[in-house]
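Biologist: Could we go through this model together? I would like to discuss helix packing and then charged pairs.

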Amino acid sequence: MTQIAPMDTQFHVLAVDDSIIDRKLIERLLKTSSYQVTVVDSGSKALEFLGLLSEENGAQVRQVGINLIITDYSMPGMSGYDLLRKIKGSSYLKDIPVIIMSSENVPSRINRCLEEGAQEFFLKPVKQSDVNRIKPHLMTPNGLKRKAMVECLSPQKTTTKYNNNLCGIFWNNICE
């Protein structure tokens, strides 16, 4: 189910929205911009995909190659704000950029999400110009560090001593 993107290919975005229309729209916009996209329809399915449901039960978060999460604010069961708080509360996933989107322009809600760690707040319907604002969040030191870490830890890269040494050199000189 999880695909890890090599460093020279696409960034991987997890899109979370309970509305099938909005999910299809954001998926199309992201794919048009050359992002790899995984879509889920709820906050709990996003946590399951990220491995955070099992983390709460004492298990390790599994390695996923997600570089950014974009989530609707208003969803049944778990809001996008609650999902944001869980992601930012995870020691492993806290550096993944999160963007919240909503059809409601409520300044207090927007501020609360940004204060909790969201990188952006998009008003729906999401437009191509919004998607164009994603890339800078992926290019931050944490975004690039995470992409390098995912690449170095991928099963294809850890099979040879040569690649392990290159990843170790990269990690020690660039990421730390």
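Modeller: What follows concerns a predicted model.

Biologist: At what angle do helix 4 and helix 5 pack?

Modeller: Helix 4 (residues 80-88) and helix 5 (residues 107-116) pack at about 10°, and their axes are 10 Å apart. Since angles under 35 degrees count as roughly parallel, helix 4 is roughly parallel to helix 5.

Biologist: Which residues make the contact?

Modeller: Helix 4 contributes Tyr81, Leu84, Arg85 and Lys88, while helix 5 contributes Arg112, Cys113 and Glu116. By class, this contact has three nonpolar, no polar and four charged residues.

Biologist: Turning to charges, how many salt bridges does the structure hold?

Modeller: There are ten salt bridges in the structure. One of them joins the side chains of Asp17 and Lys124, at 2.7 Å from N to O.

Biologist: Where do Asp17 and Lys124 lie?

Modeller: Asp17 is in the loop between strand 1 (12-16) and helix 1 (20-32), and Lys124 is in the loop between strand 5 (120-123) and helix 6 (128-131), so the pair ties together parts 107 residues apart in sequence.

Biologist: Are they buried or exposed?

Modeller: Both Asp17 and Lys124 are buried.

Biologist: And what about Lys127 and Asp130?

Modeller: Their side chains meet in a salt bridge of 3.7 Å, N to O. Lys127 is partly exposed, at 44% relative accessible area, whereas Asp130 is buried, at 6%.

Biologist: Which residues do shared partners join into one network?

Modeller: Salt bridges with shared partners join Asp17, Asp22, Asp72 and Lys124.

Methods: Residues are numbered from 1 along each chain as its sequence is written. This is a predicted model: local features need pLDDT of at least 70, side-chain atom pairs count only at pLDDT 80 or more; totals for chains, interfaces and linings use all residues. Side-chain values use heavy atoms; hydrogens and water are left out. Axes are lines fitted to C-alpha atoms, for helices over the stretch in contact, and angles run from 0 to 180 degrees between N-to-C directions. Helices (H or I, at least four residues) and strands (E, at least two) are DSSP runs, numbered from the N terminus. Angles under 35 degrees count as roughly parallel, over 145 as roughly antiparallel, 65 to 115 as roughly perpendicular and the rest as oblique. Contact means heavy atoms within 4.5 Å. Ala, Val, Leu, Ile, Met, Phe, Trp, Tyr, Cys and Pro count as nonpolar, Asp, Glu, Lys and Arg as charged, and the others, Gly among them, as polar. A salt bridge is a side-chain nitrogen of Lys or Arg within 4 Å of a carboxyl oxygen of Asp or Glu. Buried means under 20% relative accessible area, exposed over 50%, partly exposed in between (1.4 Å probe, protein chains only).
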